[in-house]
Amino acid sequence: MDGRGGRPLLAAFIATGLFFLAMPGTVIGVGNLLLIAAAQAAAAPAPAWIQAHGQAQIFGWVGSFIIGISLFVLPRFRGIPPASAVLGWLTWALWTAGVTLHWLAGVNDIAPQPALVVAALLRLAGFLVSQYLLVIAPLRAARAGTVRHRPARDLGSMLGIAGFCGLGATLVVDLVAAVSTAPGSAAYPPALDRILLELSLWTFVLPIALGYSARFTSMFLGLRPAHPPQATPLGVRSLDLGRLLTLIVVAIAISALLQAFIVTAILAFAFTLLTIWALRVFEPPERPAFTAGVDARSPAFVRLAFGWLAIGAALGVAAAMQPAAGGLPGAGRHAITVGFVATLIFALAPRLLPGFLHRRLFSRGLMAASLWLLTIGCALRVVSEAAAYGMPGSWGWQVLPLSGVTELTAVLLFVLNLGATFACRPRGVAESPLLEVLPAAGRRPMEGERP
Ligand code: HEM
């Protein structure tokens, strides 16, 4: 897949992700929230609609972005031939069919359970084809001597590998949950849904988001390179950061599968603090931030996203220790998903994606507005959900609808900005799209990686 063939595929994954973010994701999420606020009861929406929203956001939006961007950039990072165009499009078709079918099954009552199983199989098949392209095909090419195999030694790659293994495990549990769903129902059994939530967030989305942060966040914020995997956190010489983080992700997966959710939450909190330390997000930068073409305050929003991550992980521990406090799990989850994941993507995607696709960002003003509104909406949501759920008559119930509408506006502005960016005709740019988003001298080697 050459540069010309890779860009339409990336654009297709991004378009799928933007659609799922806006419509099945946020519109259904806000609808659920309005129902909850009106009834002052967390169980007001049908469980299938709550799950349809969560799946649309995690797999439909974040998953489509991650797979599309990985197929586009990883071969370039690793200096291997780009992926096969036909298999790339097959990945997109299987993945998109899977996330679309799950959403339709969740919000319609037509043969929902068989549709959930087919949807889970389609997503798993899409994932397997993507891993053939990213892992097996390059290894076979290296064995045949057509490319040089360079083992990934930097921290970002290790987190990325852990995250893709986590996605595989998540999709297997997703299939088990679909098969275990009662005939005629569109809602996974609650126990399996809870396991799926923990796995999808802590073994898939976060390791990969943090893995990419080791490259992109460090570069844009002008930070010192992430600590190498051989670094010794807390000054303990026997600790090796790379192995420790990988072990924590594995332990999170095992504890979630065993439903030991307090252990999961504590491990997730430790993982969060260690990765924030490893990425040096709050250390003084060594260079000015790389903000050409985007809102100049985006570095501050990226740091804020990492603040939300720490808050979300801490709320997760509190929620696991006090299961009776009804609003804490949702508040913690959305501090992570909206506060961290969405803010990070809203701050970095306008810098990265237009460069990949030979475009110029449509509007810095829209970018700034989406980031401010997302921050305000998330803060209102986290505080009011924690205060309201389980507390009839609390002031939080009045604030919840406002938080949802503010977040929805932020999402729509982000989608509008990127949609308008990609709708504009390509302009003439340099040969390598990556050079556009990397510092002037091109990509510098990460710490722990050979130049
Ligand atoms: C932007 C506005 C959003 C709104 C208004 C919203 C609303 C909701 C609501 C009302 C619930 C039901 C549980 C609860 O009350 O806490 C929920 C659950 C959930 N949300 Fe969101 N959400 C939003 C964004 C997101 C994003 C960006 C993600 C992920 C990237 C996400 C992932 C989830 C997940 C995984 C669940 C749990 C689903 C389940 O129980 O199976 N949400 N959301």
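Predicted model: local features only at pLDDT ≥ 70, side-chain atom pairs only at ≥ 80, totals over all residues.
Which residues in α10 meet which residues in α12? The legends below answer this and describe the surrounding views.

Overview. Residues are numbered from 1 along each chain as its sequence is written. Helices (H or I, at least four residues) and strands (E, at least two) are DSSP runs, numbered from the N terminus. The C-alpha trace spans about 60 × 50 × 45 Å along its principal axes. Of the 451 residues, 52% are buried (20 or more other C-beta atoms within 10 Å of the residue's own; exposed means 12 or fewer, partly exposed in between, with C-beta atoms placed from the backbone).

**View 1. Helix α10 (residues 328-356) packs with helix α12 (residues 396-423).** Their axes come within 11 Å and cross at roughly 15°; axes are lines fitted to C-alpha atoms, for helices over the stretch in contact, and angles run from 0 to 180 degrees between N-to-C directions. The two helices α10 and α12 are therefore roughly parallel (angles under 35 degrees; over 145 is roughly antiparallel, 65 to 115 roughly perpendicular and the rest oblique). The crossing is left-handed, meaning that the near helix is turned anticlockwise from the far one by less than a right angle. From α10, Val338, Phe346, Ala349, Pro350, Leu353 and Pro354 meet Glu407, Phe414, Asn417, Leu418 and Thr421 of α12; contact requires C-beta atoms, placed from the backbone, within 7 Å. By class, this contact has 8 nonpolar, 2 polar and 1 charged residues (Ala, Val, Leu, Ile, Met, Phe, Trp, Tyr, Cys and Pro are nonpolar, Asp, Glu, Lys and Arg charged, and the others, Gly among them, polar).

**View 2. Val341 is found in helix α10.** Val341 is buried, with 24 other C-beta atoms within 10 Å. Not counting residues up to four places away in sequence, Val341 touches Val62, Val205, Ala209 and Ile336. Val341 and Ala305 are 36 residues apart in sequence, with 7.4 Å between their C-alpha atoms.

**View 3. Helices α8 (residues 261-279) and α9 (residues 298-321) pack at an angle of about 160°.** Their axes are 8 Å apart. This angle makes α8 roughly antiparallel to α9, and their crossing is left-handed. The contact of α8 with α9 comprises 15 nonpolar, 2 polar and no charged residues. Among the residues of α8 in this contact are Phe261, Ile266 and Phe269, and those of α9 include Phe306, Leu309 and Met321.

View 4. Most residues other than glycine have a negative phi. Gln259 is exposed, with 12 other C-beta atoms within 10 Å. With 19 C-beta neighbours inside 10 Å, Arg280 counts as partly exposed.

Definitions and conventions: Contact = placed C-beta atoms within 7 Å.
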